[in-house]
Amino acid sequence: MGIIARPDSMFLCKRYWHGNEPCHQVAYLYAWSSHPEKTAAVVTDILDTEYRNTPGGLSGNDDAGQMSAWYVFSCLGFYPVCPGSGEYALGVPAFERILVHQENGRDFEIVKGEPVDGKASLDGRELKRPFLKHRSIVRGGKLEF
């Protein structure tokens, strides 16, 4: 099985359990495959089914904030699969427009457009890979999906 077949099988056969925090990066592994657009569908499904405003609406134990951190990052449209790398794997934002005001006075805007081909652009330039550098966020600008 390849890098696409394994997560496909995991999600299709309902073997993914979001409450198991070490599995949180699995939905974003498609970024390293030839089908990075699959991340958007999987992440959207997890956001819709694993986070509910009801008793027991969180499928895992948010003991150190990891469940909430995954939710916040995923709503922004990206996730730090390898936190020390300074790079985020792209997904899809949960909102039409997000504005992140930063301590340095700069703003980073995230815009969710009509899904066409899973592509994203940063400041009008199409990203060649489905990743966002942390320094791009700090610099400020506009990420469009």
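In the predicted model, helix α2 (residues 38-50) packs against helix α3 (residues 66-76) at an angle of about 130°. Their axes lie 11 Å apart. The angle makes α2 oblique to α3. The crossing of the two helices is left-handed. On the α2 side, the contact is made by Val 43, Ile 46 and Leu 47. Helix α3 contributes Trp 70, Tyr 71, Ser 74 and Cys 75. Six residues of this contact are nonpolar, one is polar and none is charged.

Nonpolar side chains tend to be buried together in soluble globular proteins.

Beyond its neighbours within four places in sequence, Trp 70 is in contact with Val 43, Ile 46 and Leu 47, among others. Its contacts also include His 18, His 24, Tyr 28, Tyr 51 and Tyr 79.

Ser 121 belongs to strand β5 (residues 121-122). With a relative accessibility of 15%, Ser 121 falls under the 20% cut-off and therefore counts as buried. Residues up to four places away in sequence aside, Ser 121 touches Glu 126, Leu 127, Lys 142, Leu 143 and Glu 144. Leu 132 is 11 residues from Ser 121 along the chain. The C-alpha atoms of this pair are separated by 9.8 Å.

Backbone geometry was considered next. Most residues other than glycine have a negative phi. Lys 14 is not a glycine, yet has a positive phi of about 55°. Lys 14 sits in the loop between α1 and α2. Its relative accessibility is 68%, over the 50% cut-off, so Lys 14 counts as exposed. Asp 123, also not a glycine, has a positive phi of about 55°. This residue is placed in the loop between β5 and β6 (125-126). Asp 123 has a relative accessible area of 40% and is therefore partly exposed.

Technical notes:
Residues numbered from 1 in each chain as written. Predicted model: local features only at pLDDT ≥ 70, side-chain atom pairs only at ≥ 80, totals over all residues. Heavy atoms only, no water. Axes fitted to C-alpha atoms, helices over the stretch in contact; angles between N-to-C directions. Helix = DSSP H or I, 4+ residues; strand = E, 2+ residues; numbered from the N terminus. Parallel < 35°, antiparallel > 145°, perpendicular 65-115°, else oblique. Left-handed = near helix turned anticlockwise from the far one by under 90°. Contact = heavy atoms within 4.5 Å. Nonpolar A, V, L, I, M, F, W, Y, C, P; charged D, E, K, R; others polar. Buried < 20%, exposed > 50% of the residue type's maximum accessible area, 1.4 Å probe, protein only.
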